[in-house]
Amino acid sequence: MMLRPPATLVRMARRLPTPLTSLPFVLGLDLARRLSWLTPPPELEGRRFAITVEDLGLRACFCCRGGAFHLLSGQVPELELHAGVAEFVALIRGTADADTLFFQRRLKIAGDTELGLIV
């Protein structure tokens, strides 16, 4: 059984502006980079991304510049990833891979598919 977030939380999250929901995500990515837990490959330089956590209604938009992660403002993402919390957690924990989730239609990719393969 998959746990679902409370409806009140989802309604509130859907009303938050994207820059506000993006900030904690970008700070987390950049902290992971600074701690050497994550190293963006050179192919991500200058590229723009959006990640949507569908069951929470949260969207984070960011880019990679100078080997660091930054908020994306006023530009359209080149790649958009959509999935639920459980799928993103499984990817982070390494208990699921993106290909499997994609073919099960639990991870959706829109935009630059070549970039999606790199990510």
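So, disulfides: taking one as a pair of cysteine sulfur atoms within 2.5 Å, the count here comes to 0. C63 is in no disulfide, and the nearest cysteine sulfur, that of C64, sits 7.5 Å away. Seen from C64, the closest cysteine sulfur is the one in C63, and 7.5 Å is too far for a bond. Are these two buried or exposed? C63 has 4% relative accessibility, so it counts as buried, and C64 is buried as well, with a relative accessible area of 1%. Buried here is under 20% relative accessible area, exposed is over 50%, and partly exposed is in between, with a 1.4 Å probe and protein chains only.

A word on the source: this is a predicted model, where local features need pLDDT of at least 70, side-chain atom pairs count only at pLDDT 80 or more, and totals for chains, interfaces and linings use all residues. Residues are numbered from 1 along each chain as its sequence is written, and side-chain values use heavy atoms, with hydrogens and water left out.

Okay, the fold. We've got 5 helices and 5 strands, counted as DSSP runs (H or I, at least four residues, for helices; E, at least two, for strands) numbered from the N terminus. The order from the N terminus is α-α-β-β-β-β-α-α-β-α.

As for burial across the chain, 33% of the 119 residues count as buried. And contacts, meaning heavy atoms within 4.5 Å? Of those with a separation of 6 or more, 66% come from residues 24 or more positions apart. Finally, the C-alpha atoms fill a box of roughly 40 × 30 × 30 Å along the principal axes.

Notes
Contact means heavy atoms within 4.5 Å.
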